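Biologist: I've got some questions about how you label things in this one. Can we go through them?
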Amino acid sequence: MSTEDVMLTAGDAEVTVRPGNGCRIGSLRIGGVELLRQGERYGAFPMVPWCGRIENGRFRDGATVHQMPLNSPPHAIHGFARDAAWRTARSSATEAVFTYDLTDPWPYPGRVTQIVELTEDALTLRLGVETYGDSFPAQAGWHPWFNRSLDGGGEPVRIDFTPAWQEERGADHLPTGRRVDPGPGPWDDCFGMPDGVDVTLTWPGRLAVRVTSREQWVVVYDEQEAAVCVEPQTGPPNGLNTAPRLVTPIEPLETSTTWTWTRL
């Protein structure tokens, strides 16, 4: 199995996956136009085995408290699979499968699988988290950095969505546990969409990309000048403590998102 970049093509859509750099989507080009912010930290990376911040890097599993490295002090953020080398299990012209074995400092043995599938008008990403032993809490999601403007110019992107609520954000950037009416941007906030994530990014006169997922949580981050982020995930930030999803020997954690584009 290899960690070399993998390229997928379908029609005029091209995707580059970088398993050696956190299995991130390093590039998504539609008709030669790059949609994702370029750079080693950007593209679109999987967040696993948790999403967003864990308060003080600590989470509880039963009576045991686990401490994760504080990679965004005073918290731990976005898991560490994005910093790891994944392996390519198989690939074709339009689909590829990648794996990553959970290891220290994560206290539970397990495996993460990401499937990337490209068609002429959509990109589908799937994540699965399995345990090799005991059950454990986990989260999974994606953190794409969409360019605010295409080709470095033109009108900036518009974000359209209708969440049912917004997680109130405390001064520590963590949800307080209160659900409030959605407020105006700019955002670094988690929203609830109980019928599934459904967010449309529109670059006027160019492209529209609809980000969907069956999950009900999405973080929208648009405080940076260069890019905006729409992050479908299986639970809210700090969810290992507040809304844990258990990975068990008979029930893996599985999630997916699809980005569908239309030309305007």
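Predicted model: local features only at pLDDT ≥ 70, side-chain atom pairs only at ≥ 80, totals over all residues.

Biologist: Which residues have the most contacts inside the largest nonpolar core?
Modeller: Those are Trp-86, Trp-106, Leu-201 and Trp-259, in a core of 65 residues. Apart from that one lies another core, of 8 residues, with Tyr-42, Phe-45, Ala-227 and Cys-229 among them.

Biologist: What does Trp-259 touch, not counting residues up to four places away in sequence?
Modeller: Its contacts include Leu-28, Leu-36, Pro-144, Phe-146 and Val-211.

Biologist: Why is Phe-59 called buried?
Modeller: Buried means under 20% relative accessible area. Phe-59 has 1%, so it is buried. Phe-59 is found in strand β7, residues 58-61. Leaving aside neighbours within four places in sequence, Phe-59 is in contact with Trp-106, Pro-107, Tyr-108 and Leu-240, among others.

Biologist: How far apart are Phe-59 and Pro-244 in space?
Modeller: They are 9.8 Å apart, C-alpha to C-alpha, though 185 residues apart in sequence.

Biologist: And what makes Thr-119 partly exposed?
Modeller: Thr-119 has 34% relative accessibility, so it counts as partly exposed. Thr-119 lies in the loop between β12 (110-118) and β13 (122-131). Not counting residues up to four places away in sequence, Thr-119 touches Ala-10, Ala-13 and Trp-261.

Technical notes:
Residues numbered from 1 in each chain as written. Heavy atoms only, no water. Helix = DSSP H or I, 4+ residues; strand = E, 2+ residues; numbered from the N terminus. Buried < 20%, exposed > 50% of the residue type's maximum accessible area, 1.4 Å probe, protein only. Contact = heavy atoms within 4.5 Å. Core = buried A, V, L, I, M, F, W, Y, C linked by side-chain atoms within 4.5 Å.
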